[in-house]
Amino acid sequence: MTAPFISINCYTIREFCQNAKDFAESMQKLAKIGYTTVQISGVSSSITPQEIKTICDDKLLGICAAHIAMPALEDNFAFEVEKMHLWNCPVNALPVAPEK
């Protein structure tokens, strides 16, 4: 059994995740108050997957989950899986159930 951890969904702070500088500052604040992992959602696509990983690694934050919508998975599955591997992220939570 894995040890429990405290995580936050970045969607709740999305207005502070719209560029790399603000995202890094937000991750620093989250780490400082005790968060150990984050769920990537609502983060601007202008921040590359590698930048997200580097920032989270620098702040000692793991990425425990992501929200990747079904259209993104259908359109570019290999890229989305590669991103999850890069982040060592084991879980994708579909933000909205597919209609099909």
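Two strands are taken to pair if DSSP finds at least two bridges between them. In this predicted model, strand 1 (residues 7-9) and strand 2 are joined by three bridges and run parallel. Within this pairing, Asn9 has Gln39 of strand 2 as its bridge partner. Strand 2 spans residues 37-40. In a regular strand, side chains alternate between the two faces of the sheet. Both faces of strand 2 are covered, with Thr37 and Gln39 buried on one side and Val38 and Ile40 buried on the other.

Ile6 is located in the segment before strand 1. Its C-alpha atom is separated by 6.4 Å from that of Thr37, although Ile6 and Thr37 are 31 residues apart along the chain. When neighbours within four places in sequence are left aside, the contacts of Ile6 are Gly34, Tyr35, Thr36 and Thr37.

The largest nonpolar core was examined next. In soluble globular proteins, nonpolar side chains tend to be buried together. The largest nonpolar core here has 23 residues, and the members that touch the most others are Phe23, Met27, Val38, Ile40 and Ile52. At least two residues of this core are supplied by each of helix 1, strand 2, helix 2 and strand 3. Helix 1 gives the largest share, four residues. For Met27, the contacts beyond four places in sequence are Cys10, Ile13, Val38, Ile55, Cys56, Lys59 and Leu61. Val38, one of the residues touched by Met27, is on the side of strand 2 that also holds Ile40.

Helix 1 covers residues 20-32 and includes Ser26. Ser26 counts as buried because its relative accessibility is 11%, the cut-off for burial being under 20%. Beyond four places in sequence, Ser26 touches Ile13 and Phe16. Ile13 is also among the residues in contact with Met27.

In helix 2, the buried residues are Ile52, Ile55 and Cys56. These residues lie on the same side of helix 2 because they cover an arc of only 95° around the axis. They pack against helix 1, strand 2 and strand 3.

Just after helix 2, Leu60 adopts a positive phi of about 60°. Most residues other than glycine have a negative phi. Leu60 is not a glycine, yet its phi is positive. Its place is in the loop between helix 2 and strand 3. With a relative accessibility of 74%, Leu60 counts as exposed, since the cut-off for exposure is over 50%.

Helix 4 (residues 77-86) has Glu80, Lys83 and Met84 as its buried residues. An arc of only 100° around the axis holds these residues, which means that they are on the same side of helix 4. The elements that cover them include helix 2 (49-58), strand 3 (62-66) and helix 3 (70-75). Ala78, Glu82 and His85 are exposed and are carried on the face of helix 4 turned away from its buried side. Val81 also belongs to helix 4. Its relative accessibility is 28%, so Val81 counts as partly exposed. Between Val81 and Ala3 there are 78 residues in sequence and 25 Å in space, taken from C-alpha to C-alpha.

At 65% relative accessibility, Asn88 counts as exposed.

Aromatic rings were considered last. Rings of Phe, Tyr and Trp pair if their centres lie within 6.5 Å, and by this rule there are zero aromatic pairs. A charged side chain does lie over a ring: Arg14 is over the face of Tyr11, at 3.9 Å from the ring centre.

Note on methods
Residues are numbered from 1 along each chain as its sequence is written. This is a predicted model: local features need pLDDT of at least 70, side-chain atom pairs count only at pLDDT 80 or more; totals for chains, interfaces and linings use all residues. Side-chain values use heavy atoms; hydrogens and water are left out. Buried means under 20% relative accessible area, exposed over 50%, partly exposed in between (1.4 Å probe, protein chains only). Contact means heavy atoms within 4.5 Å. The arc is that of the directions from the helix axis to the C-beta atoms. Rings of Phe, Tyr and Trp (its six-membered ring) pair if their centres lie within 6.5 Å; planes under 30 degrees apart count as stacked, over 60 as edge-to-face and the rest as tilted. A charge sits over a ring if NZ of Lys or CZ of Arg is within 6 Å of the ring centre and within 35 degrees of the ring normal. A nonpolar core is a set of buried Ala, Val, Leu, Ile, Met, Phe, Trp, Tyr and Cys residues joined through side-chain atoms within 4.5 Å.
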